[in-house]
Amino acid sequence: MRITDIQRCEVRPGRLVEWTLSPATVETAKGLPEDSRPPAYIQESHIRTARSVRDGGLFVPTWLGTAFDLPGRVDLDVLQEALRAWTLRHETLRSGFRWAGDRLRRFTLDAGDVSLRRETVGDFGDADALVAHLQDRFDAVADALRWPNLIYTAVVRDDSTSVYMAFDHSNVDGYSVHGIPAEIHELYAAGVEGRGPVVRTPAASYVDFCETERADADRIDGSHDVVARWREFIGRCDGTLPNFPVDLGLEPGGPLPSQKMLCEPLVDADTAAAFEAYCRPHGGSLVGLLAATGMIVHELGGQSVYRTVVPFHTRVKSRWSDSVGWFVGGAPIEVPVAGTPDLPSTLRAVRAELQANRSLARMPLARVLKLLGTDFRPTSPDLYSIVSFLDARGIPGAGQWAEQKAYGLMRVSYGDQVCVWVSRLHDGLWLASRYPDTDVAAKNVRLYVERLRDLLAATAS
């Protein structure tokens, strides 16, 4: 599944239909008692950041979503039931938060109280107008500071129907989004063929995960080894979290800049396989991408040590593998890149850092920052820059993504960091990046991508 934005996912004209949680469901939610299971630290940090940025006068949409096609003219009743059944399978989608003073309190609907409202919006003959409408609706509904914060839509045509779904980030991560097309296809096909409800193992609840993870995090204090290691790392980053160490053309202390997005193939399947084979003795493609990035940003920016926070999933038990939620933590690494390092030595350095520090990703960074007592008052949706890697080929339905025109959607709005996502797909490596909308950043991110492509190709030869 290629990661992109709503502007680049092959939106075609048609009749737009949308589903949101029904007024009856919303009314029931208003009277619900508190759910004692707390928000995950990452959820709370996300919502507080959104509130802080909004209070500063800036609306920064941060939703994630997916797009995919269903064949032929759709049966809207069957699709609605498939969407509802899928929603009920993942408890976090019927769970939300409200403020009690300065504390976030959870509420969670029973499955029987959840229903969808369908509305036919109208016919769109122009793709650009449809894209603009979808983005505006997703911005308004899939918002961190409201509930419900999810919306499902379908663009109906005689020959095919395109489904677009958007969620506030507090409910989903990138991996969650990748699994949606196959699940909806399975539920829809069963309904069309009259096979009755699809019997699937209930997905383990992300809400339960939040409770367990937070309880574990609250057991540590400022003397814990994980906190000490983050304290030392942040100290070597001049008291902050690392950004992308090249010139981005930003004014220190200036307003949060708007962002641009770059989405394109990186290398083909043969080159991706050769790169993986080259890097396998050192840990594989993630290690290779980080090593290559360290060498390239040293060349572009001149820093002697490449410091970054590497995102890792926290689905450490198999029971969470099918769950929808935000299962992401970060591990700090520091890679010496001074002089003229070669790729093998940089690979060894990255591998050693990941082996030493990967376990730190299991402790929510928001908890660590709280214990450090440092005022990381959030002013940007991204605390730090990232380079992320996902081998998506084994995800259920991956073999059908090209045929289904399946995409992972990301909202690009404002931010002062560079975030890079590289996906291994059946046809090769795909790169997506958000970066500040300045001429300097555009030039340096383009240089980074071109040199990364050259370096990957060089390992294949």
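**View 1. A291 sits in helix α9.** Helices (H or I, at least four residues) are DSSP runs, numbered from the N terminus. This is a predicted model, in which local features need pLDDT of at least 70, side-chain atom pairs count only at pLDDT 80 or more, and totals for chains, interfaces and linings use all residues. Residues are numbered from 1 along each chain as its sequence is written, and side-chain values use heavy atoms, with hydrogens and water left out. A291 has 0% relative accessibility and counts as buried. Buried means under 20% relative accessible area, exposed over 50%, and partly exposed in between (1.4 Å probe, protein chains only). Leaving aside neighbours within four places in sequence, A291 touches L343, T346, L347 and V350. Contact means heavy atoms within 4.5 Å. From A291 to L347 the C-alpha to C-alpha distance is 5.4 Å, across 56 residues of sequence.

**View 2. Helix α9 (residues 285–301) packs on helix α10 (residues 343–357).** The angle is about 120°, and the axes are 9 Å apart. Axes are lines fitted to C-alpha atoms, for helices over the stretch in contact, and angles run from 0 to 180 degrees between N-to-C directions. On the α9 side, the contact residues are L286, V287, G288, L290, A291, A292 and M295. L343, T346, L347, V350, R351 and L354 make the contact from α10. By class, this gives 10 nonpolar, 2 polar and 1 charged residues. Ala, Val, Leu, Ile, Met, Phe, Trp, Tyr, Cys and Pro count as nonpolar, Asp, Glu, Lys and Arg as charged, and the others, Gly among them, as polar.

**View 3. W230 and F233 form an edge-to-face pair.** Their ring centres are 5.9 Å apart, with the planes at 85°. Rings of Phe, Tyr and Trp (its six-membered ring) pair if their centres lie within 6.5 Å; planes under 30 degrees apart count as stacked, over 60 as edge-to-face and the rest as tilted. W230 and F233 are 3 residues apart in helix α7 (residues 225–236), so about one helical turn separates them. Both W230 and F233 are buried. The whole structure holds 12 aromatic pairs. Elsewhere, Y206, F209, W320 and F327 form one aromatic cluster.

**View 4. C263 and C419 are buried cysteines.** The disulfide count is 0, where a disulfide is a pair of cysteine sulfur atoms within 2.5 Å. For C263, the closest cysteine sulfur is in C9, 10 Å away and too far for a bond. C263 has a relative accessible area of 14%. C419 is at 2% relative accessibility.

Methods
Helix = DSSP H or I, 4+ residues; strand = E, 2+ residues; numbered from the N terminus.
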